[in-house]
Amino acid sequence: MRKIIVFSSAMLISGSLFAGGLVTNTNQSAMFTRLQNRNASTSIDAVYYNPAGLTKLGNGLFLSVNNQTISQTKTVINNYNYLANKPRDFVGKVSAPVFPGVYAAFNMGKLSFSAGFNPVGGGGGAKYDEGLPSFEMNISDLVPGLQSQLQPLAGFIPGVNGISGYNADIFFEGTSVYFGYQANVAYELNDMISVALGARLVTAKNTYSGYIRDVTITGLAAMGGTVAPGQYLRNIAAVVPEPFKTQLNTNAAGLDMRTQVEADVEETGSGITPIISVNISPLEMLNVAVKYEFATKLEMTTTVNDNKSAGGMFVNDSKFRADMPAMLAVGAELRPIDKFMVTASFNTYFDKNLDTKAINSTTIDKNFMEYGLGAEYGLSDKLKVSAGWVATSTSVNTNYQSDQTYSTNTNSFGAGFGYRLNSLVELNIGGQYTMYADGTKDFTHLLGGNAAFPIPVSETYQKKTWLIGIGANFFFGKE
């Protein structure tokens with residue numbers, strides 16, 4: 001039996017899967033992968049990180065093409081009493097084999113014109129080979145629920161309430177990507193200060209395709225043994241008197257609806273992000289950058305295909321907000337000698353200002369923060385090696401945490417090298433590994449949705465991410 005995640009919220013596959021805040025990706029170049037800190041960049045990836053710093057490139061045309069291959073593993077450990085083989089580890093895989101970053105800048109005198117394309121949110125697809133507890137708990141409730149419901153009939157049919165297990169065929173596939181199309185204009189006020197204005201068009205798309213089918217329970221052999229729960233009730237109804245007969249047939253119809261579900265859904269939306277930045281070089285060896293991205297208003301529209309709405313969980317043409325927060329990014333690069341550079345960065349994401357389906361005043365305690373350090377050393381005129389670290393402090397409280405959406409503090413480490421093939425081309429290669437602190441949540445599950453039967457549950461949330469980045473920078477001008 002194959003089980004994969006079922007009809008969960010958009011945040012499960014959208015939002016930030018990698019470096020960045022709750023819904024923002026900041027791992028946008030191979031140079032970031034190997035250094036982890038690019039907020040004060042004055043290379044071509046400054047199109048994203050520091051548009052004002054592009055004036056430092058000199059006159060000419062500059063291009064960069066990057067890709068990252070990213071893999072993430074999510075594990076939810078759940079101890080719900082009625083799950084099969086409890087406590088259970090539900091392991092999910094998020095994969096993004098193609099995560100591009102493409103940048104171009106053209107400098108002429110004091111002006112720099114630039115453009116970029118990258119996945120500013122999402123960027124992966126999610127699969128859970130053994131499902132998620134939030135859905136399977138409802139399936140597992142069939143066993144104690146039917147045991148209790150059928151107990152009064154044990155006098156008519158001995159052992160009829162001896163339900164001993166369940167099974168299901170559950171499939172889900174979800175993808176999400178928020179593409180960003182950015183353009184900037186930068187101007188060098190003087191040798192010390194440059195400024196830039198820009199905007200990013202964000203197009204968001206989430207897709208969900210899946211089903212729940214072939215749900216069975218194992219009961220009395222004479223009533224069908226291993227059979228669909230609705231059919232089990234109908235088999236019993238055929239041999240018992242009224243009023244049990246009518247009630248069983250009514251309950252069977254309800255179980256048929258609960259255990260036969262399909263979804264084929266898209267959610268799409270778009271919005272604009274205004275961007276301003278300033279680059280300051282107070283000393284020849286020091287560069288400081290500040291960038292502010294305004295909040296991106298995203299209204300998502302739901303499209304249900306072929307009436308497959310996951311039993312009404314998705315409504316065709318319905319709308320919801322999925323805004324991206326404003327972001328303040330500050331960075332500094334210090335180069336005490338030509339061969340050695342150290343860099344630091346700090347980002348804060350203004351999550352507390354959001355009011356969306358998943359992020360609002362009930363789930364957020366503070367603004368998300370990210371900070372780090374990196375260093376680069378030139379082994380020769382052509383070869384540079386680098387390494388860096390970045391950490392995050394999440395903004396969410398326990399109301400946000402669930403098997404579908406969870407966020408914990410992280411530490412990421414990256415390393416790699418840059419190699420100048422010739423005067424026109426530079427190659428960058430790096431790797432990154434992210435460690436996440438474990439998260440936990442204790443909550444109450446209502447058996448069969450009945451408030452009279454609350455059952456305590458404990459979940460532990462774990463996650464890890466690795467990626468490999470490769471990029472090529474092209475220089476058609478004087479640096």
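A residue counts as buried when its relative accessible area is under 20%. In this predicted model, Gln36 has a relative accessibility of 1%, so Gln36 is buried. Gln36 sits in the loop between helix 1 (30–35) and helix 2 (46–49). Its backbone stands out as well: phi of Gln36 is near 70°, a positive value in a residue other than glycine. Most residues other than glycine have a negative phi, and most peptide bonds are trans.

Asp317 also has a positive phi, of about 70°, and is not a glycine. Asp317 is placed in the loop between strand 9 (299–309) and strand 10 (319–321). The relative accessibility of Asp317 is 53%, and Asp317 therefore counts as exposed.

Two cis peptide bonds can be described next. One joins Lys86 and Pro87, with omega at about -15°. Pro87 belongs to the loop between strand 1 (60–78) and strand 2 (88–108). Another joins Glu242 and Pro243, with omega at about 5°. Pro243 belongs to the loop between helix 5 and helix 6.

The overall fold comes next. The protein has 6 helices and 18 strands. Its C-alpha atoms fill a box of roughly 95 × 40 × 40 Å along the principal axes. Of the 479 residues, 52% are buried. Contacts between residues at least 6 apart in sequence were also examined: 70% of them join residues at least 24 apart. The accessible surface comes to about 19,800 Å², and carbon and sulfur atoms account for 59% of it.

The largest has 37 residues. Leu150, Val160, Tyr232, Ile236 and Leu248 have the most contacts inside this core. Several elements each supply at least two of its residues, including helix 4 (142–150), strand 4 (165–188), strand 5 (193–218) and strand 18 (454–477).

Val160 gives a local view of the 37-residue core. Neighbours within four places in sequence are left aside here. Val160 is then in contact with Leu150, Leu153, Ala154, Leu220, Met223, Tyr232 and Ile236.

Helix 3 (residues 133–140) is largely enclosed by the rest of the structure, because 6 of its 8 residues are buried. These are Pro133, Phe135, Glu136, Met137, Ile139 and Ser140.

Aromatic rings form a further set of contacts. A pair of aromatic rings is described by the distance of the centres and the angle of the planes. The count comes to 13 aromatic pairs. One of them, Tyr349 with Phe368, is edge-to-face. The ring centres lie 5.7 Å apart, with 80° between the planes. Tyr349 lies in strand 12 (residues 340–349) and Phe368 in strand 13 (residues 368–378), so this pair ties together parts that are 19 residues apart in sequence. Tyr349 is buried, at 0% relative accessible area. Phe368 is buried too, at 3%. Elsewhere, Phe32, Tyr48 and Tyr49 form one aromatic cluster.

Charged side chains also lie over rings. Arg420 lies over the face of Phe475, at 4.1 Å from the ring centre. Lys463 lies over the face of Tyr406, at 4.9 Å from the ring centre.

Definitions and conventions
Residues numbered from 1 in each chain as written. Heavy atoms only, no water. Phe/Tyr/Trp six-rings, centres within 6.5 Å; stacked < 30°, edge-to-face > 60°. Helix = DSSP H or I, 4+ residues; strand = E, 2+ residues; numbered from the N terminus. Buried < 20%, exposed > 50% of the residue type's maximum accessible area, 1.4 Å probe, protein only. Lys NZ or Arg CZ within 6 Å of the ring centre and 35° of its normal. Core = buried A, V, L, I, M, F, W, Y, C linked by side-chain atoms within 4.5 Å. Contact = heavy atoms within 4.5 Å. Areas by Shrake-Rupley, 256 points an atom, 1.4 Å probe, with all protein chains shown as cover.
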